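Please read them alongside the sequence and the coordinates.

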Amino acid sequence: MSNARTARFSRRGLLAAGGALGLGALVTACGGEDSKDGGSESTTGAQSGPWSFKDDRGKSVKLDKAPANIVAFTGVAAALYDYGVSVKGVFGPTKTQDGKPDVQAGDMDISKVTILGNTWDQFNVEKYAALAPDVLISTMFDDAGTLWYVPEASKDKIAKLAPSVGISVYDRQITAPLQRMWELAESLGGDMKSAKATDAKKRFEEASERLRKAAKAHPDIKVMAGSASQELFYVSGTNLSIDLEYFKALGVNFVEPPEKAKAEGGGWFESLSWENVDKYKADIIMMDDRSSAIQPADITEATWKKLPAVKAGQVIARSAEPILSYDKCVPLVENLAKAIETAKKVS
């Protein structure tokens, strides 16, 4: 993922790798107050009365009423949509080059939202102001509180127009941000008692147990998380990514690049030339499904095609930036469980 401070990383490479580093100074939430601990505060329903929410920076946003004009990073908006909360504007990968919804847009009808920016460093501040935003919501991929896809060059102007909420997706298991998004959606008026919401949470728990059992039954199956660009192949480590940390905790046997090798990728990944793509032995390869990465069907490198997992058809998709609703995370867990249950030992 991109990092404006770290010029030695190519933008394509960082986006493709599924890692994220600090993007600059903290974007300060206006209208809020500092607090030392995270977690949601008591909130009133979205129908009436004052609204407050304490984000993962420990900053509280307090408004006279629940925000109606919400602007959010695309993946956040997609998660809120699953809980019945609509947004007015989005920024981040929303529409593909052929005009279709990006994978990070989930089930949203992208024709009904204002797209402020579709790629890195794109954020139309004038359009943002015209939406009269009540709050801006994004994820955070570092421990400095940097809001994902809010451009460094315009972050101060953006911060003056509305307070912001940040949900951390850095160095924790996916269950933590899933719960935080649940709490946020509930505070915004989402129907968390609906059958859709409660059933999805139950299915996630069931899928997690299935994955735990699969990993225990097949401890010899080695899984590698990868991402592809024209120049490089990236092998993700498991220590910072919310999905991989969770899968590892459930017992999945991952390829783990050494810390020294990952250091060049900010601790997130090791970069390999295509000639060295066979450095690690793997029975299953999980490949980054975002539009910024080259998809397996489009990889033409002969070295890739010779990998045992590729030849065996044991390549599955990985959402390196999961949409943080239980409904969207269920298939991520189920697909990995199924892959491990059915994989042949080829490494």
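1. I begin with Glu270, which, leaving aside its neighbours within four places in sequence, is in contact with Phe233, Tyr234, Val235, Pro257, Pro258, Ala261, Lys262, Lys279 and Tyr280; contact here means heavy atoms within 4.5 Å. Glu270 belongs to strand S12, residues 269–273, where helices (H or I, at least four residues) and strands (E, at least two) are DSSP runs numbered from the N terminus. Its relative accessible area is 5%, so Glu270 is buried, a term that means under 20%, with exposed meaning over 50% and partly exposed in between (1.4 Å probe, protein chains only). The side chain of Glu270 also makes a polar contact with the side chain of Lys279, at 2.6 Å; such a contact is a pair of N or O atoms within 3.5 Å, and within protein one must be able to donate a hydrogen and the other to accept it, while residues adjacent in sequence count only if both atoms are side-chain atoms.

2. On the basis of these values: this is a predicted model, in which local features need pLDDT of at least 70 and side-chain atom pairs count only at pLDDT 80 or more, whereas totals for chains, interfaces and linings use all residues. Residues are numbered from 1 along each chain as its sequence is written, and side-chain values use heavy atoms, with hydrogens and water left out.

3. Turning to the hydrophobic interior, a nonpolar core is a set of buried Ala, Val, Leu, Ile, Met, Phe, Trp, Tyr and Cys residues joined through side-chain atoms within 4.5 Å. The largest one has 87 residues, and those with the most contacts inside it are Ile137 and Phe247. Helix H11 (residues 326–342) gives the largest share of this core, 9 residues. Apart from it lies another core, of 17 residues, including Leu272, Tyr280, Met287 and Trp304.

4. Helix H6 (residues 195–217) has 23 residues and reaches 32 Å from its first C-alpha to its last, close to the 33 Å expected at 1.5 Å a residue; the expected span is 1.5 Å times one less than the number of residues. Among its buried residues are Ala200, Phe204, Ala207 and Leu211. What covers the buried residues of H6 includes helix H5 (175–187), helix H7 (242–249) and H11.

5. For the aromatic residues, rings of Phe, Tyr and Trp (its six-membered ring) pair if their centres lie within 6.5 Å, and planes under 30 degrees apart count as stacked, over 60 as edge-to-face and the rest as tilted. By this rule the count comes to 19 aromatic pairs. Trp51 and Phe53 form a stacked pair, 6.5 Å centre to centre with 10 degrees between the planes. Trp51 is buried at 2% relative accessible area, and Phe53 is buried at 0%. The ring centres of Trp120 and Tyr149 are 4.8 Å apart with their planes at 80 degrees, so this pair is edge-to-face. That pair links distant parts of the chain, 29 residues apart, and both Trp120 and Tyr149 are buried.

6. Finally, two backbone angles deserve a look, since most residues other than glycine have a negative phi. Ala132, in the loop between H3 and S7, has a positive phi near 50 degrees and is partly exposed at 44%. Asp171, in the loop between strand S8 (164–168) and H5, has a positive phi of about 55 degrees and is partly exposed at 42%.
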